[in-house]
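Work through each one with the structure open before reading the solution.

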Amino acid sequence: MGFYIDLEGMKLSEFKDRLLSTELLPSRKILKDDIEQNFALLEDHGFLTPFQLMKALNNKKKIAAFADSSKIDLKYLSVLVREIKSLRQSPVMLRDFPDTP
């Protein structure tokens with residue numbers, strides 16, 4: 001069982017607010033550019049949660065195709081999906097820690 005942010009239960013608007021209130025890495029500051037317009041377009045395309053977005057755009061080909069159809073910048077979408085995925089860390093089992101019985 002992992003302990004991380006519930007991306008399925010979080011609304012896309014809540015994720016947008018989280019981005020706006022967070023100090024992002026320099027390479028991810030692009031996410032604040034035209035954020036209202038970009039997230040409105042995402043919602044217009046039926047994305048309600050960050051999890052839905054992450055699952056639908058799970059490879060470069062799908063991201064590129066969606067960028068063409070949605071008119072959202074390809075780099076913006078790539079960084080956005082990367083940011084969402086960063087919230088889902090790979091679980092580490094206790095037995096994998098050294099010196100743990």
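**Exercise 1.** This is a predicted model. Is Phe47 buried or exposed?

*Solution.* The cut-off for buried is under 20% relative accessible area. Phe47 comes out at 10% relative accessibility, so Phe47 counts as buried. Phe66 also has 10% relative accessibility and is buried.

**Exercise 2.** Classify the ring pair of Phe47 and Phe66, and say where the two residues sit.

*Solution.* Start with the centres: they are 5.5 Å apart. Next, the angle: planes over 60 degrees apart count as edge-to-face. The planes here are at 85 degrees, so this pair is edge-to-face. Now locate the partners: Phe47 is in the loop between H2 and helix H3 (50–56), while Phe66 belongs to helix H4 (residues 60–70). The pair therefore ties together parts 19 residues apart in sequence.

**Exercise 3.** How many aromatic pairs are there, and what is the geometry of Phe15 with Phe39?

*Solution.* The count is two aromatic pairs. For Phe15 and Phe39, the ring centres are 6.4 Å apart and the planes sit at 40 degrees, so call this pair tilted. Phe15 is in helix H1 (residues 12–21) and Phe39 in helix H2 (residues 35–44), 24 residues apart. As for burial, Phe15 has a relative accessible area of 1% and Phe39 has 2%.

**Exercise 4.** Which residues touch the most other members of the largest nonpolar core?

*Solution.* Among its 27 residues, they are Phe39, Leu42 and Leu80. H1, H2, H3, H4 and helix H5 (74–86) each give two or more residues to this core, and H5 gives the most, with six. Leaving out residues up to four places away in sequence, Leu80 touches Phe15, Leu19, Leu31, Phe39, Leu42 and Leu53.

Definitions and conventions. Residues numbered from 1 in each chain as written. Predicted model: local features only at pLDDT ≥ 70, side-chain atom pairs only at ≥ 80, totals over all residues. Heavy atoms only, no water. Phe/Tyr/Trp six-rings, centres within 6.5 Å; stacked < 30°, edge-to-face > 60°. Helix = DSSP H or I, 4+ residues; strand = E, 2+ residues; numbered from the N terminus. Buried < 20%, exposed > 50% of the residue type's maximum accessible area, 1.4 Å probe, protein only. Core = buried A, V, L, I, M, F, W, Y, C linked by side-chain atoms within 4.5 Å. Contact = heavy atoms within 4.5 Å.
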